[in-house]
Amino acid sequence: MLRCPEPHEEAFLVMSTGEMLGRMVRSGILGCPVCRKEYPIMKGIVDFSGSGMLQAGSGMRDAGSVAAPETHPASRISHPVDPQTLQALLDLSGPGGYVVLVGSAAGHAVGLAALMGGIHFVGVNPPPDTEELPVLSLVRCDAMIPLRPAVARSVVVGSDRASASWLSEARRVLLRGRRLVIEDEAASVPEGVSKLASGHGLWVGEKQ
């Protein structure tokens, strides 16, 4: 369900694995067959940030190191959101599929996984201390959520990523009729998402 962040038609990425830990890939490379960019997997995190690097023979150097780091405001939530509340707001029944956790929301993965067995979580731009788990895959990308459209059963966006561009990306990857939870009740929500409730630092909506 991953996609190259470059603006071209979607294609399945090709993975070359290095270190494995069980079924988890700790190191390796993901390659795009369309633009021929390669993206490293380091310590279990797929790094789509920067511009990647073109495959051998392209004559191009790695451009990822010149990308300016993106800064984000501190969380505006004065109290932690408990996993039970998030589970209720996500309104998921039964196992299977993916829940995407953007930014600081990736910190909820362990608590949610304990309540929602059989669901896999994808952390996008997680906090620095977040580690890959059998139930949690991690990716970094400066420009977008590097997933195909309409693949997520739910999306939770942390307050550090509650900007218009990231919320638009959250809507893009969310399945129709599924829940979007934002850890910022004053967030500007993209078209195509209907508001269900807000308060206590949270905004909840559903993709139309």
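How much space lies in the largest pocket? About 710 Å³. This is a predicted model, in which local features need pLDDT of at least 70 and side-chain atom pairs count only at pLDDT 80 or more, while totals for chains, interfaces and linings use all residues. Residues are numbered from 1 along each chain as its sequence is written, and side-chain values use heavy atoms, with hydrogens and water left out.

A pocket here is worked out on a 1 Å grid over the protein atoms alone: it is an open set of points where a 1.4 Å probe fits, with protein on both sides within 12 Å along at least five of seven lines, and a lining residue has an atom within 4 Å of a point. Grid points are joined across faces, edges and corners, and the volume is the space filled by probe spheres set on the points. The largest pocket is lined by 24 residues, and the closest to its centre are Leu2, Arg23, Val25, His120 and Ser137. Strands E3 (24-25), E9 (120-124) and E10 (136-140) each supply at least two lining residues, and E10 gives the most, with 4. Strands (E, at least two residues) and helices (H or I, at least four) are DSSP runs, numbered from the N terminus. The lining of the largest pocket splits into 18 nonpolar, 3 polar and 3 charged residues. For this count, Ala, Val, Leu, Ile, Met, Phe, Trp, Tyr, Cys and Pro are nonpolar, Asp, Glu, Lys and Arg are charged, and the others, Gly among them, are polar.

Next comes the second largest pocket, with a volume of about 360 Å³. Of its 15 lining residues, Asn125, Pro126, Pro128, Arg140 and Arg161 are the closest to the centre. Its lining holds 6 nonpolar, 3 polar and 6 charged residues.

On to the charged pairs: the structure holds 6 salt bridges, each a side-chain nitrogen of Lys or Arg within 4 Å of a carboxyl oxygen of Asp or Glu. In one of them, glutamate 6 meets lysine 37 at 3.4 Å, N to O. These two sit 31 residues apart and link distant parts of the chain, glutamate 6 in the segment before strand E1 (14-17) and lysine 37 in strand E5 (37-42). Glutamate 6 is partly exposed at 24% relative accessibility, whereas lysine 37 is buried at 13%; buried means under 20% relative accessible area, exposed over 50%, and partly exposed in between (1.4 Å probe, protein chains only).

Aspartate 91 and arginine 179 form another salt bridge, with their closest N and O atoms 3.5 Å apart. This pair also links distant parts of the chain, 88 residues apart: aspartate 91 is in the loop between helix H1 (83-90) and strand E8 (98-102), and arginine 179 is in strand E12 (174-182). Arginine 179 is buried, at 18%. In the bridge between arginine 172 and glutamate 169, the closest N and O atoms are 2.7 Å apart. The two are separated by about one helical turn because they are 3 residues apart in helix H3 (164-173).

Finally, the strands: E4 (27-31) and E5 pair in the antiparallel sense over 5 bridges, where pairing takes at least two DSSP bridges between two strands. Glycine 31 stands opposite glutamate 38 in E5. This hairpin has 5 residues between its strands, and arginine 36 takes a positive phi near 65°. E5 also runs antiparallel to E6 (45-47), joined by 2 bridges, and methionine 42 has isoleucine 45 in E6 as its bridge partner.
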